[in-house]
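I opened the notebook to record what I looked up in this structure. The entries follow the order in which I checked things.

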Amino acid sequence: MALIEAKSISKVYTMGDIEVNALKGVSLSIAKGEFVSVMGASGSGKSTFMNILGCLDKPTGGKYLLEDVDVSGMGRDELADIRNRKIGFVFQGFNLLPRTTALENVELPMFYKGVPAKERMGRAMEALKKVGLEKREMHYPNQLSGGQQQRVAIARALVNEAPIILADEPTGNLDTKTSVEIMELFVELNNTAGITIILVTHEPDIAEFSKRTIKFLDGRVISDEMTASRRARANG
Amino acid sequence: MVNLPFTAALAFRTLRVNKMRSLLTMLGIIIGVGAVIAMLAVGTGATQQITAQISSMGSNLLIILPGSTTSGGLRMGAGTQPTLTTFDSDAIEEDAPAVAAAAPVLSGSAQVIYGNQNWSTVVSGTTPSMLYVRDWQLAEGRPFSDADVKNATKVCLMGQTVVDNLFGGEDPLGKTVQIKGVPFQVIGVLAVKGQSVMGQDQDDTIYVPVTTAQRKLFGTAFPGMVRVIMIKARSTADLNAAQDQINALLRQRHHIMPGQDDDFTVRNLTQMMQAAEQSTKIMTLLLGAIASVSLLVGGIGIMNIMLVSVTERTREIGIRMAIGAKTWDIRIQFIAEALIMSLIGGIIGIALGVAGSSAISKIAGWPAVVSPFSALLAFGFSGAVGIFFGFYPAYKASLLDPIDALRYE
């Protein structure tokens, strides 16, 4: 049973008179516990695909099954609920709420889920501990380094125990050393907690941390294979 | 489902971050609510004053004025030709069923002297019915009786203003004063009534038996002549009946043929006063309505700022949506901010309005009464303004596309 099942998904944007085919029938499935990186040049359709996987956007054609539930026909609030419970987002620009403490940022998904205040606090502290930020819960985003901010974002993605983390170029704003630390955190979460991670990147070095690499070009998947380093390791 | 403490805390924090802006936005509501409170207070004060004056005048009052003279074809207006008598008064009291009491009045200005003090006041000759007609109590002493009227005794009831001017701290009861050189014994002091609707000091008066006034003070052109007759009807509903009965009775008593004009005029004082009260109430409403306009403008200010705020925080809205905020989560967040601003503005506005109206009453000398109702009304109204004008920005925010919102710089 696949966690994510995309069946010939297409997406057409209409801009005035011009129709843009951003996705031209993409079919793939991702099983629970996978660590997938999605690569491709800008305009290849990878962002559109990620938006659809993240239930931020709806496909114009095809079907998207998330844990065997067809989400392609769902309304705004239903999708918001799916995002809240099943998907944790990690963005390139961190996207933490400004003037809001790390703790409160991590509490936010639970707030929208309706978790009682006391429980929220405990679980948020726990999630911050998992990403190694237990001493920084009262810091504001502007008092944290880029790497620390991204850890807060990861804690926020973890806190509702979502089975999937969607990370859109999570190391794009970070230096190499911090990038490696963040990627190691993802690897650990993938290995120990069995969280399915889907990572968008255009850096081959970063993609190396994943187990499977999917490449997009012109709205189609052009390759879907085991990540190069692992392939090499498996062969050698 | 909605988490009120959290939502409120969130809204408070957002407002605190933009202190100056929040304050300026609130200023519209503050001024609006303050203006509504102050205007209603001034209006309510005026209405209450008039109501007090009306009740001080006595309830269900009619006044009968004598007719007009006609001299060389010129008609001179009501009251110029004395035609009324104490006998008319007695007849009305006895024969008009809708009339509870009738009191004749023969009044005039007179100099009153006590010891080395003197004072000019209005001296009215009347009957014991007067105190009942005017709902007037005695502060001390006793009223004069029918026997006093019958015997034309030289006794008087004195208003507080006259007492103050003639006696200072001395007890006036039993003392003798000179009115137009005639000695009168003070047997009672009238309770304080304050200003009349027309602004006259009602306590600047002296009552004496009508017969004494006729014989010793003012004289009469014909037997029993009085200037006016004051009537108390049995009830408000009886006022019109009383008027009709008096008309019929006086026309008969004055031998007026059908088709001839009356030689007297009956006026409904209570109705006149109620009209005055009504117009004050309308003025209050009008002032309140004008002040509400500024509250409305304050509301538009809130909407304006909230729209700016939504645009500024597009990215934040995107983040919230991405991690699971539903349509109403977003709406309630923005409505809560607008509501909190308007309610805080409302509270400050009420304080300002209360301070403002007491300042107005001190400086301008107008009575201003802040009723709890008007405070509650203004507070509720400011809340409604907050929700109403907060809704559109909130609605706009909730319709943002999460992808576009996340990408917004």
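The entries below cover the sheets, the salt bridges and the chain contact of a predicted model.

**Entry 1: the four-stranded sheet**

I started with the strand order in chain A. One open sheet has four strands in the order β2-β1-β4-β5 (chain A), and the pairing is antiparallel. I noted β2 (18-31) and β5 of chain A at the edges; each has a single partner strand, so one side of each is left without a neighbour in the sheet.

I then went through the pairs. β1(A) and β2(A) run antiparallel and are joined by 11 bridges. Within that pair I looked up A:Lys11, whose bridge partner in β2(A) is A:Leu23. Strand β1 (residues 2-15) of chain A also pairs with strand β4 (residues 61-66) of chain A, in the antiparallel sense and over five bridges. There I found A:Ala6 opposite A:Tyr64 in β4(A).

The last pair is β4(A) with strand β5 (residues 69-70) of chain A, antiparallel over two bridges. A:Leu65 stands opposite A:Asp70 in β5(A). I recorded a hairpin here: two residues lie between β4(A) and β5(A), and A:Glu67 in the turn has a positive phi of about 50 degrees.

**Entry 2: a salt bridge at β1**

I came back to A:Lys11 for its side chain. It meets the side chain of A:Asp57 in a salt bridge, at 3.2 Å from N to O. The pair links distant parts of the chain, 46 residues apart: A:Lys11 is in strand β1 of chain A, and A:Asp57 is in the loop between α1 (46-53) and β4 of chain A. For the whole structure I noted 20 salt bridges over all chains.

**Entry 3: the six-stranded sheet**

I next took the open sheet of six strands. Its order is β6-β7-β8-β3-β9-β10 (chain A), and the pairing is mixed. β6 (87-90) and β10 (220-226) of chain A are the edge strands, each pairing on one side only. Neighbouring strands of this sheet are turned by 20 degrees against each other on average, with direction ignored.

β6(A) runs parallel to strand β7 (residues 164-168) of chain A, and four bridges join them. A:Val90 stands opposite A:Ala167 in β7(A).

Which strands does helix α5 (residues 146-158) of chain A touch? I found that α5 packs on the sheet against β6 and β7 of chain A, and that its direction makes about 170 degrees with that of β6(A). Helix α6 (residues 176-193) of chain A also packs on the sheet, touching β3 (35-39), β6, β7 and β8 (196-200) of chain A. The direction of α6 makes about 135 degrees with that of β3(A).

**Entry 4: where chain A meets chain B**

I ended with the contact between the chains. Chain A gives 25 residues to it and chain B gives 26 residues. The size of an interface is often given as the accessible area lost when the parts come together. Here chain A and chain B bury about 2400 Å² between them, with 58% of it on carbon and sulfur atoms.

How many salt bridges are there between chain A and chain B? I noted two salt bridges. One of them joins A:Glu104 to B:Arg13, with the closest N and O atoms 2.8 Å apart. I also noted nine residue pairs in polar contact across the interface of chain A and chain B. On the side of chain A that touches chain B, α2 (76-86) and α3 (102-113) of chain A each supply at least two residues. The residues of that side divide into 10 nonpolar, five polar and 10 charged.

Key. Residues numbered from 1 in each chain as written. Chains lettered and ligands numbered in written order. Predicted model: local features only at pLDDT ≥ 70, side-chain atom pairs only at ≥ 80, totals over all residues. Heavy atoms only, no water. Contact = heavy atoms within 4.5 Å. Buried area = accessible area lost by both parts, 1.4 Å probe. Salt bridge = Lys/Arg side-chain N within 4 Å of Asp/Glu carboxyl O. Polar contact = N/O pair within 3.5 Å; in protein donor to acceptor, adjacent residues only side chain to side chain. Nonpolar A, V, L, I, M, F, W, Y, C, P; charged D, E, K, R; others polar. Pairing = 2+ DSSP bridges. Axes fitted to C-alpha atoms, helices over the stretch in contact; angles between N-to-C directions.
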